[in-house]
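This report covers one predicted protein model.

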Amino acid sequence: MKKLLTIILLIPILNFGQSEKSYLELIDEAKTKKNSSEIEKLIIGTWEFQKLTDKNGKIISQRNHVVNDTITALENIWRPSMQINKNGTYKLIGCENPTNCETGKWIYDKEFKLFRMIYDKPKYNVPIDRVSPELLEKLKKSGTLKEFTKNEIEFVEITENELKVFDLLPSDGTELKYNILVYKKK
C-alpha cells in the first residue's frame, strides 16, 4: 500500500481589500504626487466647499453619525470656506456658528506630507463656554476634557482651481476607507 504524501503550502491569504502594506503606506500612495513647493504655491487663496464624494466620485449629501451607540444624528454635508494666506495664516469663512470659525497658522509638513492648521485658540470636545465651572473642573480631573490645537489635512489632489481632501473613515488598518471633500478656488 502506497502512502500518500500531502504537502501543505502555507501561503498568506488576503481578504478582499486587505493589503500587505501598512495603513500609512496606503494613505501615502493615494495622496497627491505634487511636491511641497507646488503644494505651497497652489494652496494660497480662498477655497469654497463644493461637495463630499465617495472615492468613486458619487456625491454624498447626507450621512448618519452614531453617538454612544444610542443616538443617531443626520448630517447635511457642508463645510466652511478656507482662506489660506501666503504669510502662513489661515481662517475659516462662513461657519454656521461664528465661534467655530477658527483662525491660525498653517505649514506644509514635507516629511509627513500633511497640511497642518494650528489653531490660534484651542478647541475642546465639549463647549467649555457653556459648561459650569464645577463641571469643567470635573471633566479636567477625570481626563474627559480633550484639547485640540491643530488639524492635519492630507490632500488627494490639488490643482490651480480644485482641492480634494481625504475624509478618512473608520478602518481596521488593513484597507484604506475614505471619502473626498472637494473645494473650488474662488
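## A residue in strand E11

Leu-163 lies in strand E11; helices (H or I, at least four residues) and strands (E, at least two) are DSSP runs, numbered from the N terminus. With a relative accessibility of 1%, Leu-163 counts as buried. Buried means under 20% relative accessible area, exposed means over 50%, and partly exposed is in between, with a 1.4 Å probe and protein chains only.

Which residues does Leu-163 touch, not counting those up to four places away in sequence? They are Ile-43, Trp-47, Met-82, Phe-155, Glu-157, Ile-158, Leu-181, Val-182 and Tyr-183, where contact means heavy atoms within 4.5 Å. Trp-47 is 116 residues from Leu-163 in sequence, yet the C-alpha to C-alpha distance is 7.7 Å.

## Basis of the model

The model is predicted: local features need pLDDT of at least 70 and side-chain atom pairs count only at pLDDT 80 or more, while totals for chains, interfaces and linings use all residues. Residues are numbered from 1 along each chain as its sequence is written, and side-chain values use heavy atoms, with hydrogens and water left out.

## Overall composition

The protein has twelve strands and three helices. Of its 186 residues, 30% are buried. Taking contacts between residues at least 6 apart in sequence, 51% join residues at least 24 apart.

The accessible surface of the protein is about 13300 Å², computed by the Shrake-Rupley method with a 1.4 Å probe; for residues, only the protein chains shown count as cover. Carbon and sulfur atoms account for 53% of that surface.

## The largest pocket

Rolling a probe the size of a water molecule over the atoms shows where empty space is left. The search uses a 1 Å grid over the protein atoms alone, and a pocket is an open set of points with protein on both sides within 12 Å along at least five of seven lines; a cavity is a set where a 1.4 Å probe fits but cannot get out, and lining residues have an atom within 4 Å of a point. Grid points are joined across faces, edges and corners, and a volume is the space filled by probe spheres set on the points.

The largest pocket holds about 860 Å³ of space. Its lining has 25 residues, and those nearest the centre are Trp-78, Arg-79, Pro-80, Asn-151 and Leu-181. Two or more lining residues come from each of strand E4 (71-76), strand E8 (114-124), strand E9 (147-153), strand E11 (162-168) and strand E12 (178-185). By class, twelve residues of this lining are nonpolar, nine charged and four polar. Ala, Val, Leu, Ile, Met, Phe, Trp, Tyr, Cys and Pro count as nonpolar, Asp, Glu, Lys and Arg as charged, and the others, Gly among them, as polar.

## The second largest pocket

The second largest pocket has about 470 Å³ of space. It is lined by 17 residues, with Thr-99, Asn-100, Pro-122, Lys-123 and Tyr-124 closest to its centre. E8 supplies the largest share of this lining, six residues. The lining divides into seven nonpolar, six charged and four polar residues.

## The disulfide

The structure holds one disulfide, a pair of cysteine sulfur atoms within 2.5 Å. It joins Cys-95 to Cys-101, with an S to S distance of 2.1 Å. The torsion about the S-S bond is about 100°, so the disulfide is right-handed. Cys-95 is buried at 15% relative accessible area, whereas Cys-101 is partly exposed at 23%.

## Loop positions

Asn-125 lies in the loop between E8 and H3, and Thr-144 is in the loop between helix H3 (133-142) and E9.

Lys-113 is placed in the loop between strand E7 (103-109) and E8, and is partly exposed with a relative accessible area of 35%.
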